[in-house]
Amino acid sequence: MVYIVSWDEFVDRSVQLFRADPESTRYVMKYRHCDGKLVLKVTDNKECLKFKTDQAQEAKKMEKLNNIFFTLMARGPDVDLSEVAGKEQMETQPVKKGRGRKQ
């Protein structure tokens, strides 16, 4: 098992792997606090893709990957993933404050 260095390549290959065989594809996250390392693994028992990081910035990327897999599992492997990116962009917009109590 070789670790994929590029995040974009890992996401693309993971989505392709899931779309090829959604019934047997698994996605696993492992975090070791003592090392501060996060390992993501996607496998279908024939091919295994792994990504390892120790950067806190990668946590947001992991959340996006979770959303992609949740969408693929809920709506089916043929869903358009541009809808997932649109929701993430809406979430990052600043929240407008109302006339509530000032803090």
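Let me begin with the largest nonpolar core, which in this predicted model has 19 residues, and in which Trp7, Phe10, Tyr27, Leu40 and Leu65 touch the most other members. By nonpolar core I mean a set of buried Ala, Val, Leu, Ile, Met, Phe, Trp, Tyr and Cys residues joined through side-chain atoms within 4.5 Å, where buried is under 20% relative accessible area with a 1.4 Å probe, protein chains only. H1, S2, S3 and H2 each give two or more residues to this core, and H1 gives the most, with 6 residues; helices (H or I, at least four residues) and strands (E, at least two) are DSSP runs, numbered from the N terminus. Leu65 touches Trp7, Phe10, Val11, Tyr27 and Leu40, leaving aside residues up to four places away in sequence, with contact meaning heavy atoms within 4.5 Å.

Now the sheet. Three strands form an open sheet in the order S1-S2-S3 with antiparallel pairing, where pairing requires at least two DSSP bridges between two strands. The edge strands, each pairing on one side only, are S1 (26–32) and S3 (48–53). Strand S2, residues 37–43, is joined to S3 by 6 bridges, and Val39 stands opposite Lys52 in S3.

Helix H1, residues 7–20, packs on the sheet, touching S2 and S3, and its direction makes about 150 degrees with that of S3. Helix H2, residues 58–75, also packs on the sheet, touching S1, S2 and S3, at about 160 degrees to the direction of S1; these angles run from 0 to 180 degrees between N-to-C directions of lines fitted to C-alpha atoms, for helices over the stretch in contact.

As for conventions, residues are numbered from 1 along each chain as its sequence is written, and side-chain values use heavy atoms, without hydrogens and water. Local features need pLDDT of at least 70 and side-chain atom pairs count only at pLDDT 80 or more, whereas totals for chains, interfaces and linings use all residues.

Technical notes. Buried means under 20% relative accessible area, exposed over 50%, partly exposed in between (1.4 Å probe, protein chains only).
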